[in-house]
Amino acid sequence: MKKIFAIAWKDAVIRFATSAELIFFIILPIIFTLLLAGGTPSGDDDNRIRLVVVDQANTPISQEIVAELDRSSAVNPEVLSLEEAESEFDARRATVVLIIPAGLDLKSIQDGTAQLDFRQQPNNLNASVAERAVQTAIRRVSSAVNAANTAVEEAKSRGTFESLEDEQAYFNEALQLAKSIQEDAPERVTIVEGNTPDDVEYDPRANQSAGQLITWVFIPLFGISALFAYEREQGTLRRILTTPTSKATFLLGTISGQVVMALIQMSLLILFGMFALDLNWGREPLALFVLLTSAALAAGAIGTTMGTFIKTEGQASGLSIMMGMVMSLLGGCWYPLELFPALVQNIVKILPTTWAMQGLLDLILRNGGLMQILPEAGVLLGFAAIFFTVGVMRFRYE
Amino acid sequence: MLKTFIIGIKDLRLAFRDRAALIFMLAAPFALTLGLGLVTGRFSGNSSGISDIPVIIVNLDKKELGNALEDLFSSQDLAELVEPVSGSSPEAARQSVDEDKSAAAIIIPEGFTNSIIPSQADFANGNEPEAIQIEVYANPSRPTSAGIIKSIVDEFISRVEEGQVSAQTSILQMILSGRITPEQAEQAGIEMGQRLQNSPNVDTLAIKLNSTTADGEAVQFDILAYLAPGMALMFLMYTVSHGGRSILAEKAQGTLPRMLVTPTNSMQILGGKVFGIFLTGAAQMLILIGATTLLFQLKWGDGFGVVMLVFAAVFAATGWGMLITALARTTAQVANVGSAIMLIFGILGGSFISLEQMPLAVQTFSKITPNAWALDGFTTLGLGGTLADLFAPITALLTMGIILFLTSVVLFGKKNLVQK
């Protein structure tokens with residue numbers, strides 16, 4: 001027992017020999033959690049088509065058009081300067097641009113000279129949808145003026161006006177009347193939200209807290225392989241042969257030391273999630289402990305097996321980071337697994353990161369307890385058993 | 001100059017012989033791009049474009065307006081956008097939405113037309129028809145598609161409303177001005193309806209919308225054109241810090257001072273080392289670009305623009321590599337700080353999530369990274385832009401590189417790097 005503790009302590013001292021290790025141990029995980037939790041769409045974001053609007057007129061009518069567009073369920077207007085809009089359009093970052101030219105007012109509509117410019121990228125369905133939404137907004141804003149113009153034309157068909165002033169007065173009265181009719185018009189469409197279940201259970205803070213915890217803990221545990229390669233390169237493993245230390249004691253000391261450090265790192269990240277992100281990680285502490293320990297053992301076992309294949313420390317450290325990142329990505333630690341194609345969702349079940357992530361989400365998102373996470377913990381312990389067996393069987397001091 | 005070139009080529013060869021470095025330089029960005037392609041559905045043909053939105057229309061009205069709305073959804077104009085199906089039962093239509101088989105159901109109740117265009121009998125008796133609403137039963141898990149269906153229905157209703165407001169205004173105003181009597185209103189309405197039906201201007205807007213389409217072919221943005229450069233740029237930062245590490249390693253091993261016994265001055269030696277880092281970074285980027293083009297059929301855009309942007313990005317990244325090397329004392333420090341900066345620049349530069357989703361302060365801060373500028377340029381190229389559209393990112397990258405190089409030269413001078 002004393003030997004195991006001594007080996008684990010030696011590894012901790014080597015790992016934290018420089019303060020740079022703290023960057024990877026706690027600082028980077030926190031930065032990534034914060035940035036990804038704050039920057040990942042929550043599903044409640046505006047997913048309407050972006051419509052760049054240039055309002056050169058800045059009149060009540062132009063503002064009414066922008067307000068009407070804002071109410072649209074299809075487009076999301078964003079007012080920019082002409083220069084910005086043209087630059088975005090030329091760079092194809094804006095699918096559509098609506099330009100409201102200077103001089104657009106009630107009089108220009110009445111005169112029939114009012115015009116708007118609508119620019120769209122070629123053969124783009126979003127642009128067609130946006131054009132339709134713009135036409136609806138224009139129709140809404142101009143329909144009272146249109147109605148008053150029609151009223152004047154109808155009146156003219158039954159006799160002329162005595163003077164232009166009479167015609168204008170008739171137009172003004174008709175405009176007021178049209179506006180009051182518009183205001184009294186009943187709603188003709190009702191929107192009812194269906195009961196379609198949303199398969200994507202997602203909370204940016206919970207998902208990123210869990211996902212980054214797995215990413216940043218799995219990478220150093222895979223790095224056990226680098227520890228083995230380092231000691232092999234240095235010849236210290238061979239030297240252990242001269243001491244009364246069995247292979248099992250050495251492996252247990254190395255692996256348990258790294259697993260304990262991983263548990264400390266996870267605890268710090270859990271505390272960060274609880275106090276900085278207001279997540280209820282402490283609801284089921286026993287279930288959380290079982291799951292985190294199972295995940296750490298699985299990752300540690302994979303690191304052990306890797307250590308028996310990889311020859312140099314440099315290769316081991318590169319592969320640990322690469323595998324940690326790829327497995328985290330595919331395991332749903334960065335983006336929700338439910339968004340992946342169905343086939344990929346099934347394939348990634350061979351990864352421990354998938355099970356660890358699902359287990360953590362069972363606890364934090366789905367309010368599960370020990371019973372709910374037992375299947376995930378069981379699979380993770382299965383990974384640990386298989387890879388420890390392979391690792392121990394293949395382990396050589398030289 | 002030749003010596004500088006030879007030293008650079010030697011370092012390029014060494015970098016590509018180092019298996020451990022190759023994991024970071026090529027395998028990791030390639031594996032992550034592959035992973036991102038898998039999870040985003042890029043390799044399974046999933047498209048994020050909006051087309052063929054499934055919608056069920058239940059027309060219980062069976063009169064002019066109900067039929068007109070049904071015809072609108074089956075029109076050629078909307079053929080690509082929607083895929084309408086006629087239904088007979090409102091309950092079945094709602095269930096189809098609940099089961100996520102349709103983006104929305106449009107239920108046009110019986111009497112909808114009569115609620116807007118009163119029957120002769122209602123008109124004669126002066127009965128105000130009761131307002132009847134079309135129901136759009138929307139699928140909450142497809143908000144964009146359901147929003148588009150709603151906007152089409154909205155547009156249809158706004159046309160109907162406009163006609164109704166025009167007719168009511170015209171008739172009432174003529175009554176109010178004494179041009180017709182209330183008894184003549186019905187006849188005037190019929191005459192007006194016929195006239196408007198035959199008028200070519202019936203569907204024109206009071207505000208004309210001049211629609212123009214940009215020149216060129218339609219460009220379908222490939223999500224991989226954002227993800228692949230994001231990963232390549234992140235691991236470019238590893239390559240430049242790894243190159244910087246080799247400078248300190250050579251100093252520690254004494255090979256740099258030993259070279260001074262040859263007719264080679266310190267500027268040539270350092271210049272060669274920096275040139276080697278630049279060549280390695282450029283080769284890394286170009287290999288990744290070539291591989292993704294061949295294997296994933298990824299279109300990076302204008303070839304000349306891509307090459308110029310790669311050189312500018314590698315120049316700026318090499319500047320960062322030099323600064324890290326100039327500030328560090330040991331190779332271990334360069335390795336640790338380099339890896340940390342690689343990851344921080346990766347997330348700040350948009351390699352993991354789009355910068356547009358980040359808070360404004362983070363977006364502003366990201367401008368210190370070559371990743372953000374270069375990714376901006378690669379996105380422009382992926383969207384069909386050319387070298388002419390890359391003025392801002394290339395200028396920013398070159399400026400960043402020059403500032404970092406000058407700072408590094410000053411720091412190297414203080415360190416007297418080549419002397420033992």
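Modeller: Two strands pair if DSSP finds at least two bridges between them. The strands themselves are DSSP runs of E, at least two residues long, while helices are runs of H or I with at least four residues, and both are numbered from the N terminus. Before we apply that, note that this is a predicted model, in which local features need pLDDT of at least 70 and side-chain atom pairs count only at pLDDT 80 or more, whereas totals for chains, interfaces and linings use all residues. Residues are numbered from 1 along each chain as its sequence is written, and chains are lettered from A and ligands numbered from 1 in the order in which they are written.

Biologist: OK, how do I read a sheet, and in what order do the five strands with β2(A) come?

Modeller: Strands of a sheet pair through backbone hydrogen bonds, either parallel or antiparallel. Here the order is β2(A)-β1(A)-β3(A)-β4(A)-β5(B), an open sheet with mixed pairing. At its edges sit β2 (75-79) of chain A and β5 (208-213) of chain B, each pairing on one side only. On average, neighbouring strands are turned by 25° against each other, direction ignored; axes are lines fitted to C-alpha atoms, for helices over the stretch in contact, and angles run from 0 to 180 degrees between N-to-C directions.

Biologist: How many bridges join β4 of chain A to β5(B)?

Modeller: Six, and those two strands run parallel. Go along them and you'll find A:Leu116 opposite B:Leu209, and A:Gln120 opposite B:Thr213.

Biologist: Is B:Leu209 buried, partly exposed or exposed?

Modeller: Count C-beta atoms, placed from the backbone: 20 or more others within 10 Å of a residue's own means buried, 12 or fewer means exposed, and in between is partly exposed. B:Leu209 has 15 such neighbours, so it counts as partly exposed. As for contacts (C-beta atoms, placed from the backbone, within 7 Å), B:Leu209 touches A:Leu116, A:Phe118, A:Val134, A:Gln135 and A:Ile138, leaving aside residues up to four places away in sequence.

Biologist: And what about β1(A): how many of its seven residues are buried?

Modeller: Six of the seven, so β1(A) is largely enclosed by the rest of the structure. Five bridges link β1(A) to β2(A), running parallel, with A:Val53 standing opposite A:Val79.

Biologist: Which five strands make up the open sheet that includes β5(A)?

Modeller: Read that one as β5(A)-β4(B)-β3(B)-β1(B)-β2(B), with mixed pairing. Its edge strands are β5 of chain A and β2 (82-87) of chain B, and neighbours are turned by 20° on average, direction ignored. Six bridges join β1 (residues 53-59) of chain B to β2(B), again parallel, and B:Val58 stands opposite B:Gly87. Helix α3 (residues 64-73) of chain B packs on this sheet, touching β1, β2 and β3 (104-108) of chain B, with its direction at about 160° to that of β1(B).

Biologist: Now the interface: how many residues of chain A are in contact with chain B?

Modeller: 94 residues of chain A meet 91 of chain B. The largest share of chain A's side, 24 residues, comes from α6(A). That side divides into 47 nonpolar, 30 polar and 17 charged residues, where Ala, Val, Leu, Ile, Met, Phe, Trp, Tyr, Cys and Pro count as nonpolar, Asp, Glu, Lys and Arg as charged, and the others, Gly among them, as polar.

Biologist: How many residues does the largest nonpolar core have?

Modeller: A nonpolar core is a set of buried Ala, Val, Leu, Ile, Met, Phe, Trp, Tyr and Cys residues joined through C-beta atoms within 7 Å. The largest here has 157 residues, and those with the most contacts inside it are A:Val217, B:Phe235, B:Leu236, B:Met237 and B:Ala313. Helix α9 (residues 224-253) of chain B gives the largest share, 15 residues. Apart from this core lies another, of 80 residues, including A:Ile49 and B:Val165.

Key
Two residues are in contact if their C-beta atoms, placed from the backbone, lie within 7 Å.
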